[in-house]
Amino acid sequence: MTQKLDLIVLGVSVGVALGILIATLVFLGLRWYKKHARLRRCANERSFGSLPIRMNGIDANTDLSAVIGSPVTHKPDHTQRSTQPSRWGYQSKDRPASFSGVIRYSYKDIQKATQNFTTTLGEGSFGPVYKAVVPTGEIVAVKVLASNSRQGEKEFQTEVSLLGRLHHRNLVNLVGYSVDKGQHMLIYEFMCNGSLANLLYNQKEQSLSWEERLQIAMDIAHGIEYLHEGAVPSVIHRDLKSANILLDQSMRAKVADFGLSKEEVFDDQNSSLKGTYGYIDPVYISTNQFTKKSDIYSLGVIIFELITAIHPQQNLIEYVNLAGMSSDGIDEILDKELLGQCNIEEVRELARIGHKCLHKFQRKRPSIVEVSQAVVKMKHRQLARNNTMSFASQDISLVVSKIEDQQVELSELTSREFK
(Lines give C-alpha, C1' and ligand atoms only; values in the text may rest on other atoms or scores of the structure.)
Protein backbone atom coordinates (compact mmCIF):
# COMPACT_ATOMS: atom_id res chain seq x y z
CA MET A 1 0.00 0.00 0.00
CA THR A 2 2.83 2.33 0.89
CA GLN A 3 4.55 1.61 -2.43
CA LYS A 4 1.38 2.47 -4.36
CA LEU A 5 1.05 5.73 -2.44
CA ASP A 6 4.66 6.61 -3.19
CA LEU A 7 4.09 5.88 -6.87
CA ILE A 8 1.02 8.10 -6.90
CA VAL A 9 2.92 10.95 -5.21
CA LEU A 10 5.81 10.50 -7.66
CA GLY A 11 3.44 10.48 -10.60
CA VAL A 12 1.68 13.63 -9.40
CA SER A 13 5.04 15.36 -8.83
CA VAL A 14 6.28 14.44 -12.31
CA GLY A 15 3.00 15.59 -13.81
CA VAL A 16 3.20 18.92 -12.01
CA ALA A 17 6.83 19.37 -13.09
CA LEU A 18 5.95 18.57 -16.70
CA GLY A 19 3.01 20.96 -16.54
CA ILE A 20 5.21 23.77 -15.22
CA LEU A 21 7.82 23.02 -17.92
CA ILE A 22 5.23 23.03 -20.68
CA ALA A 23 3.66 26.25 -19.35
CA THR A 24 7.11 27.89 -19.22
CA LEU A 25 7.88 26.80 -22.79
CA VAL A 26 4.52 28.12 -23.98
CA PHE A 27 5.10 31.43 -22.18
CA LEU A 28 8.59 31.83 -23.68
CA GLY A 29 7.28 30.84 -27.09
CA LEU A 30 4.55 33.49 -26.92
CA ARG A 31 7.07 36.16 -25.88
CA TRP A 32 9.39 35.18 -28.76
CA TYR A 33 6.52 35.25 -31.24
CA LYS A 34 5.30 38.67 -30.08
CA LYS A 35 8.82 40.13 -30.20
CA HIS A 36 9.51 38.89 -33.71
CA ALA A 37 6.04 39.87 -34.88
CA ARG A 38 6.77 43.41 -33.66
CA LEU A 39 10.14 43.43 -35.44
CA ARG A 40 8.52 42.20 -38.65
CA ARG A 41 5.86 44.88 -38.32
CA CYS A 42 8.56 47.56 -37.92
CA ALA A 43 10.40 46.17 -40.92
CA ASN A 44 7.24 46.20 -42.98
CA GLU A 45 6.66 49.81 -42.09
CA ARG A 46 10.07 50.57 -43.58
CA SER A 47 9.41 48.74 -46.82
CA PHE A 48 7.20 49.36 -49.82
CA GLY A 49 4.84 46.47 -49.31
CA SER A 50 2.38 47.74 -51.93
CA LEU A 51 4.94 48.88 -54.51
CA PRO A 52 5.68 46.73 -57.58
CA ILE A 53 9.42 46.46 -56.90
CA ARG A 54 11.71 44.51 -59.22
CA MET A 55 14.81 42.80 -57.82
CA ASN A 56 17.44 43.83 -60.35
CA GLY A 57 20.40 46.07 -59.48
CA ILE A 58 20.18 45.67 -55.71
CA ASP A 59 23.92 45.48 -55.14
CA ALA A 60 24.78 48.17 -57.66
CA ASN A 61 26.68 51.38 -56.98
CA THR A 62 24.97 54.75 -57.10
CA ASP A 63 25.71 58.12 -58.67
CA LEU A 64 22.50 60.12 -58.78
CA SER A 65 23.98 63.52 -59.56
CA ALA A 66 23.42 64.62 -63.10
CA VAL A 67 25.89 66.69 -65.06
CA ILE A 68 24.13 69.81 -66.27
CA GLY A 69 23.68 69.89 -70.00
CA SER A 70 24.45 66.22 -70.71
CA PRO A 71 22.53 64.87 -73.71
CA VAL A 72 19.70 62.51 -72.81
CA THR A 73 17.93 60.16 -75.15
CA HIS A 74 16.05 58.10 -72.57
CA LYS A 75 12.27 58.37 -72.58
CA PRO A 76 10.08 56.74 -69.95
CA ASP A 77 7.83 53.86 -71.00
CA HIS A 78 4.31 55.01 -71.90
CA THR A 79 2.72 51.60 -72.29
CA GLN A 80 1.16 50.83 -68.92
CA ARG A 81 -1.90 52.32 -67.28
CA SER A 82 -1.58 54.58 -64.25
CA THR A 83 -3.24 53.31 -61.10
CA GLN A 84 -1.33 55.24 -58.41
CA PRO A 85 -2.63 58.07 -56.24
CA SER A 86 -1.50 61.66 -56.65
CA ARG A 87 -1.54 64.92 -54.78
CA TRP A 88 -2.05 66.75 -58.08
CA GLY A 89 -4.68 64.48 -59.62
CA TYR A 90 -7.08 61.69 -58.75
CA GLN A 91 -6.30 59.62 -55.66
CA SER A 92 -7.51 56.04 -55.40
CA LYS A 93 -9.44 55.32 -52.20
CA ASP A 94 -7.86 51.92 -51.62
CA ARG A 95 -4.23 53.04 -51.90
CA PRO A 96 -2.19 55.36 -49.66
CA ALA A 97 -1.30 58.78 -51.04
CA SER A 98 2.06 58.93 -49.32
CA PHE A 99 4.79 56.87 -47.73
CA SER A 100 6.74 58.06 -44.68
CA GLY A 101 5.26 61.49 -45.20
CA VAL A 102 6.48 61.71 -48.80
CA ILE A 103 3.77 62.40 -51.36
CA ARG A 104 3.23 59.80 -54.07
CA TYR A 105 2.47 61.19 -57.53
CA SER A 106 1.03 59.66 -60.65
CA TYR A 107 2.96 59.26 -63.88
CA LYS A 108 0.49 61.56 -65.62
CA ASP A 109 1.13 64.40 -63.16
CA ILE A 110 4.89 64.20 -63.62
CA GLN A 111 4.56 63.88 -67.37
CA LYS A 112 2.62 67.15 -67.42
CA ALA A 113 5.01 68.90 -65.02
CA THR A 114 8.03 67.98 -67.17
CA GLN A 115 6.28 68.88 -70.46
CA ASN A 116 6.27 65.25 -71.52
CA PHE A 117 9.80 64.70 -70.22
CA THR A 118 11.43 67.28 -72.48
CA THR A 119 12.91 69.63 -69.84
CA THR A 120 16.18 67.74 -69.43
CA LEU A 121 18.67 68.92 -66.84
CA GLY A 122 21.20 66.12 -67.18
CA GLU A 123 21.82 62.45 -66.52
CA GLY A 124 23.57 60.34 -63.92
CA SER A 125 23.88 56.61 -63.34
CA PHE A 126 20.44 56.73 -61.70
CA GLY A 127 18.95 57.91 -64.98
CA PRO A 128 17.83 61.18 -66.59
CA VAL A 129 16.93 64.26 -64.56
CA TYR A 130 14.18 66.66 -65.61
CA LYS A 131 13.15 70.10 -64.51
CA ALA A 132 9.49 70.29 -63.55
CA VAL A 133 7.03 72.93 -62.43
CA VAL A 134 4.23 71.79 -60.14
CA PRO A 135 0.80 73.51 -60.07
CA THR A 136 1.84 75.57 -57.03
CA GLY A 137 4.57 77.13 -59.16
CA GLU A 138 7.38 75.40 -57.29
CA ILE A 139 10.31 74.24 -59.43
CA VAL A 140 11.45 70.69 -58.73
CA ALA A 141 13.89 68.15 -60.16
CA VAL A 142 12.61 64.74 -61.25
CA LYS A 143 15.01 61.80 -61.37
CA VAL A 144 13.82 58.80 -63.36
CA LEU A 145 15.29 55.38 -62.67
CA ALA A 146 16.53 54.12 -66.03
CA SER A 147 15.87 50.49 -66.88
CA ASN A 148 19.63 49.87 -67.09
CA SER A 149 20.44 51.93 -64.00
CA ARG A 150 23.17 50.76 -61.64
CA GLN A 151 20.97 51.89 -58.78
CA GLY A 152 18.34 49.25 -57.99
CA GLU A 153 14.90 49.57 -56.55
CA LYS A 154 16.20 48.65 -53.09
CA GLU A 155 18.20 51.90 -53.06
CA PHE A 156 15.13 53.70 -54.42
CA GLN A 157 13.13 52.46 -51.42
CA THR A 158 15.90 53.45 -49.02
CA GLU A 159 15.98 56.98 -50.41
CA VAL A 160 12.25 57.48 -49.99
CA SER A 161 11.98 55.88 -46.55
CA LEU A 162 14.94 57.79 -45.10
CA LEU A 163 14.19 61.21 -46.57
CA GLY A 164 10.60 60.78 -45.47
CA ARG A 165 11.72 61.12 -41.85
CA LEU A 166 15.00 63.08 -42.15
CA HIS A 167 14.56 66.84 -42.32
CA HIS A 168 17.40 69.33 -42.02
CA ARG A 169 18.38 72.51 -43.84
CA ASN A 170 21.57 70.82 -45.05
CA LEU A 171 19.85 67.72 -46.45
CA VAL A 172 18.16 67.81 -49.84
CA ASN A 173 14.38 67.84 -49.51
CA LEU A 174 12.48 65.00 -51.17
CA VAL A 175 9.21 66.47 -52.43
CA GLY A 176 7.68 63.20 -53.61
CA TYR A 177 8.08 59.97 -55.54
CA SER A 178 6.25 57.92 -58.15
CA VAL A 179 6.00 54.22 -58.93
CA ASP A 180 3.72 54.11 -61.92
CA LYS A 181 3.67 52.68 -65.45
CA GLY A 182 6.74 50.65 -64.65
CA GLN A 183 8.69 53.82 -63.81
CA HIS A 184 10.40 54.74 -60.54
CA MET A 185 10.84 58.49 -60.05
CA LEU A 186 12.11 60.73 -57.24
CA ILE A 187 11.04 64.38 -57.00
CA TYR A 188 13.41 66.77 -55.20
CA GLU A 189 13.59 70.45 -54.50
CA PHE A 190 15.41 72.16 -57.36
CA MET A 191 19.01 73.09 -56.56
CA CYS A 192 19.80 75.70 -59.17
CA ASN A 193 23.59 75.68 -58.79
CA GLY A 194 23.92 71.95 -59.32
CA SER A 195 26.52 69.78 -57.67
CA LEU A 196 29.78 70.75 -56.01
CA ALA A 197 31.63 68.46 -58.41
CA ASN A 198 30.15 70.27 -61.39
CA LEU A 199 31.25 73.66 -60.06
CA LEU A 200 34.76 72.46 -59.20
CA TYR A 201 35.49 70.56 -62.41
CA ASN A 202 33.13 71.63 -65.19
CA GLN A 203 32.04 75.23 -64.67
CA LYS A 204 35.20 77.07 -65.71
CA GLU A 205 33.40 80.39 -66.02
CA GLN A 206 32.22 80.25 -62.41
CA SER A 207 34.69 79.65 -59.59
CA LEU A 208 33.95 79.35 -55.91
CA SER A 209 35.48 81.92 -53.59
CA TRP A 210 37.34 80.80 -50.47
CA GLU A 211 34.52 82.15 -48.29
CA GLU A 212 32.00 80.04 -50.23
CA ARG A 213 34.18 76.94 -49.96
CA LEU A 214 34.51 77.27 -46.21
CA GLN A 215 30.75 77.80 -45.92
CA ILE A 216 30.16 74.68 -48.02
CA ALA A 217 32.47 72.65 -45.75
CA MET A 218 30.49 73.86 -42.74
CA ASP A 219 27.14 73.05 -44.39
CA ILE A 220 28.27 69.52 -45.27
CA ALA A 221 29.52 68.94 -41.73
CA HIS A 222 26.19 70.12 -40.30
CA GLY A 223 24.27 67.78 -42.62
CA ILE A 224 26.37 64.77 -41.66
CA GLU A 225 26.22 65.75 -37.99
CA TYR A 226 22.44 65.55 -38.17
CA LEU A 227 22.64 62.08 -39.77
CA HIS A 228 25.15 60.73 -37.23
CA GLU A 229 23.98 62.44 -34.06
CA GLY A 230 20.55 63.98 -34.62
CA ALA A 231 18.65 61.23 -36.42
CA VAL A 232 17.14 58.37 -34.38
CA PRO A 233 18.34 55.82 -35.23
CA SER A 234 21.51 57.41 -36.60
CA VAL A 235 22.21 57.12 -40.32
CA ILE A 236 25.47 56.38 -42.14
CA HIS A 237 25.44 57.91 -45.63
CA ARG A 238 28.00 55.54 -47.24
CA ASP A 239 28.37 57.49 -50.49
CA LEU A 240 29.55 60.99 -49.59
CA LYS A 241 31.21 62.70 -52.54
CA SER A 242 31.27 66.09 -54.21
CA ALA A 243 28.76 64.89 -56.83
CA ASN A 244 26.29 64.26 -54.00
CA ILE A 245 26.63 67.76 -52.55
CA LEU A 246 24.08 70.10 -54.14
CA LEU A 247 24.05 73.90 -53.98
CA ASP A 248 21.07 76.24 -53.87
CA GLN A 249 20.75 79.79 -55.19
CA SER A 250 22.72 81.13 -52.22
CA MET A 251 25.53 78.58 -52.64
CA ARG A 252 24.43 76.82 -49.46
CA ALA A 253 25.22 73.11 -49.59
CA LYS A 254 22.91 70.16 -49.00
CA VAL A 255 23.78 66.48 -48.79
CA ALA A 256 21.89 64.36 -51.33
CA ASP A 257 21.48 60.77 -52.57
CA PHE A 258 20.74 58.40 -49.71
CA GLY A 259 20.27 55.23 -51.75
CA LEU A 260 23.20 53.46 -50.10
CA SER A 261 22.59 54.83 -46.61
CA LYS A 262 21.93 52.58 -43.64
CA GLU A 263 20.38 53.10 -40.24
CA GLU A 264 23.12 52.12 -37.82
CA VAL A 265 20.90 50.10 -35.48
CA PHE A 266 19.77 47.84 -38.33
CA ASP A 267 23.20 47.50 -39.93
CA ASP A 268 23.78 44.02 -38.51
CA GLN A 269 24.91 42.38 -41.72
CA ASN A 270 27.52 43.29 -44.30
CA SER A 271 27.01 43.28 -48.03
CA SER A 272 29.36 43.69 -50.95
CA LEU A 273 31.48 46.83 -51.08
CA LYS A 274 29.53 49.89 -52.13
CA GLY A 275 30.48 53.49 -52.72
CA THR A 276 32.52 55.49 -55.19
CA TYR A 277 36.17 54.96 -56.03
CA GLY A 278 38.35 57.66 -54.52
CA TYR A 279 36.02 58.29 -51.58
CA ILE A 280 35.91 54.81 -50.02
CA ASP A 281 37.56 54.34 -46.62
CA PRO A 282 40.53 51.92 -46.97
CA VAL A 283 39.52 50.34 -43.64
CA TYR A 284 36.10 49.57 -45.12
CA ILE A 285 37.78 47.91 -48.11
CA SER A 286 39.91 45.68 -45.89
CA THR A 287 37.29 44.80 -43.27
CA ASN A 288 33.94 45.26 -45.08
CA GLN A 289 32.85 47.18 -41.97
CA PHE A 290 31.36 50.59 -42.76
CA THR A 291 31.05 52.92 -39.77
CA LYS A 292 30.49 56.59 -39.07
CA LYS A 293 34.26 57.06 -39.29
CA SER A 294 34.06 55.84 -42.90
CA ASP A 295 31.78 58.81 -43.62
CA ILE A 296 34.39 61.00 -41.90
CA TYR A 297 37.03 59.70 -44.33
CA SER A 298 34.84 60.63 -47.30
CA LEU A 299 34.30 64.08 -45.78
CA GLY A 300 38.07 64.50 -45.56
CA VAL A 301 38.34 63.79 -49.28
CA ILE A 302 35.69 66.43 -50.03
CA ILE A 303 37.53 68.97 -47.85
CA PHE A 304 40.66 68.53 -49.97
CA GLU A 305 38.58 68.79 -53.14
CA LEU A 306 37.41 72.20 -51.91
CA ILE A 307 41.02 73.24 -51.27
CA THR A 308 42.68 71.83 -54.39
CA ALA A 309 39.96 71.26 -57.01
CA ILE A 310 41.72 67.97 -57.79
CA HIS A 311 39.38 65.05 -58.43
CA PRO A 312 39.88 62.00 -56.15
CA GLN A 313 40.27 59.82 -59.22
CA GLN A 314 43.22 61.97 -60.32
CA ASN A 315 45.49 60.88 -57.46
CA LEU A 316 44.21 63.46 -54.98
CA ILE A 317 45.12 61.36 -51.92
CA GLU A 318 48.70 60.89 -53.16
CA TYR A 319 49.07 64.68 -53.53
CA VAL A 320 47.54 65.20 -50.10
CA ASN A 321 49.89 62.69 -48.46
CA LEU A 322 52.90 64.44 -49.99
CA ALA A 323 51.56 67.84 -48.91
CA GLY A 324 51.13 66.53 -45.37
CA MET A 325 54.88 66.10 -44.98
CA SER A 326 55.27 69.80 -44.18
CA SER A 327 53.11 72.41 -42.45
CA ASP A 328 52.83 74.51 -45.60
CA GLY A 329 52.76 71.63 -48.09
CA ILE A 330 49.14 72.33 -48.95
CA ASP A 331 50.24 75.62 -50.53
CA GLU A 332 51.77 73.64 -53.41
CA ILE A 333 48.49 72.03 -54.44
CA LEU A 334 46.12 74.91 -53.70
CA ASP A 335 43.52 75.53 -56.42
CA LYS A 336 44.99 78.16 -58.75
CA GLU A 337 41.67 80.00 -58.64
CA LEU A 338 42.38 80.75 -54.97
CA LEU A 339 45.93 82.05 -55.38
CA GLY A 340 46.07 85.51 -53.86
CA GLN A 341 42.33 85.35 -53.13
CA CYS A 342 42.30 83.60 -49.76
CA ASN A 343 43.81 83.61 -46.30
CA ILE A 344 46.54 80.97 -46.54
CA GLU A 345 46.45 80.32 -42.78
CA GLU A 346 42.77 79.40 -43.04
CA VAL A 347 43.59 77.04 -45.90
CA ARG A 348 46.26 75.33 -43.80
CA GLU A 349 43.90 75.06 -40.85
CA LEU A 350 41.17 73.43 -42.94
CA ALA A 351 43.80 71.11 -44.43
CA ARG A 352 44.78 70.01 -40.90
CA ILE A 353 41.14 69.11 -40.26
CA GLY A 354 41.07 67.17 -43.53
CA HIS A 355 44.25 65.25 -42.64
CA LYS A 356 42.69 64.16 -39.34
CA CYS A 357 39.62 62.89 -41.20
CA LEU A 358 41.87 60.78 -43.47
CA HIS A 359 43.84 59.15 -40.64
CA LYS A 360 44.51 55.49 -41.44
CA PHE A 361 43.20 54.40 -38.03
CA GLN A 362 39.46 54.99 -37.62
CA ARG A 363 39.68 55.47 -33.86
CA LYS A 364 42.03 58.45 -34.39
CA ARG A 365 39.69 60.21 -36.78
CA PRO A 366 37.56 62.97 -35.24
CA SER A 367 33.84 62.57 -34.75
CA ILE A 368 31.55 64.63 -36.94
CA VAL A 369 30.76 66.84 -33.94
CA GLU A 370 34.45 67.67 -33.58
CA VAL A 371 34.80 68.39 -37.29
CA SER A 372 31.70 70.57 -37.29
CA GLN A 373 32.84 72.56 -34.27
CA ALA A 374 36.30 73.13 -35.76
CA VAL A 375 34.91 74.40 -39.07
CA VAL A 376 32.34 76.60 -37.33
CA LYS A 377 35.11 78.23 -35.28
CA MET A 378 37.03 78.90 -38.49
CA LYS A 379 33.98 80.47 -40.10
CA HIS A 380 33.30 82.67 -37.08
CA ARG A 381 36.88 83.95 -37.08
CA GLN A 382 36.64 84.61 -40.81
CA LEU A 383 33.42 86.60 -40.40
CA ALA A 384 34.86 88.57 -37.48
CA ARG A 385 37.98 89.43 -39.47
CA ASN A 386 35.94 90.44 -42.51
CA ASN A 387 33.74 92.65 -40.34
CA THR A 388 36.83 94.29 -38.79
CA MET A 389 38.27 94.93 -42.23
CA SER A 390 34.95 96.33 -43.36
CA PHE A 391 34.79 98.72 -40.41
CA ALA A 392 38.40 99.77 -41.01
CA SER A 393 37.60 100.40 -44.65
CA GLN A 394 34.61 102.50 -43.66
CA ASP A 395 36.80 104.52 -41.22
CA ILE A 396 39.35 105.17 -43.96
CA SER A 397 36.58 106.25 -46.30
CA LEU A 398 35.31 108.69 -43.68
CA VAL A 399 38.81 110.15 -43.17
CA VAL A 400 39.33 110.53 -46.91
CA SER A 401 35.91 112.16 -47.23
CA LYS A 402 36.72 114.64 -44.45
CA ILE A 403 40.07 115.50 -46.06
CA GLU A 404 38.33 116.11 -49.37
CA ASP A 405 35.77 118.34 -47.67
CA GLN A 406 38.55 120.30 -45.98
CA GLN A 407 40.35 120.73 -49.29
CA VAL A 408 37.16 122.08 -50.86
CA GLU A 409 36.74 124.53 -47.97
CA LEU A 410 40.37 125.67 -48.27
CA SER A 411 40.04 126.21 -51.98
CA GLU A 412 36.88 128.26 -51.45
CA LEU A 413 38.62 130.41 -48.79
CA THR A 414 41.59 130.96 -51.09
CA SER A 415 39.40 132.06 -53.97
CA ARG A 416 37.56 134.51 -51.72
CA GLU A 417 40.83 136.08 -50.53
CA PHE A 418 41.97 136.71 -54.08
CA LYS A 419 38.66 138.32 -54.87
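Me: How many salt bridges does the count come to in this structure?
Reply: This is a predicted model, in which local features need pLDDT of at least 70 and side-chain atom pairs count only at pLDDT 80 or more, while totals for chains, interfaces and linings use all residues. Side-chain values use heavy atoms, without hydrogens and water, and residues are numbered from 1 along each chain as its sequence is written. A salt bridge is a side-chain nitrogen of Lys or Arg within 4 Å of a carboxyl oxygen of Asp or Glu. By this rule the count comes to 11.

Me: Which helices hold E229 and K292?
Reply: The side chains of E229 and K292 meet in a salt bridge, at 3.8 Å from N to O. The pair ties together parts that are 63 residues apart in sequence, because E229 lies in helix 5 and K292 in helix 7 (residues 292–308).

Me: Which residues are linked with R348 in a network of salt bridges?
Reply: R348 and E345 both lie in helix 9 (residues 344–357), three residues apart, about one turn of the helix. Their side chains meet at 2.9 Å, N to O. R348 counts as buried at 18% relative accessibility, whereas E345 is partly exposed at 43%. The residues linked with R348 in the network are D331 and E345.

Me: What is the area of the nonpolar surface patch that includes L10?
Reply: L10 has its place in helix 1 (residues 2–45), and its relative accessible area of 52% makes it exposed. Patches are made of residues with over 30% relative accessible area and no salt bridge, like charges being joined within 9 Å and nonpolar side chains (Val, Leu, Ile, Met, Phe, Trp, Tyr) within 5 Å. Accessible areas come from the Shrake-Rupley method with a 1.4 Å probe, and for residues only the protein chains shown count as cover. The patch made by L7, L10, V14, L18, L21, I22, L25, V26 and L30 has an area of about 860 Å².

Notes: Helices (H or I, at least four residues) and strands (E, at least two) are DSSP runs, numbered from the N terminus. Buried means under 20% relative accessible area, exposed over 50%, partly exposed in between (1.4 Å probe, protein chains only).
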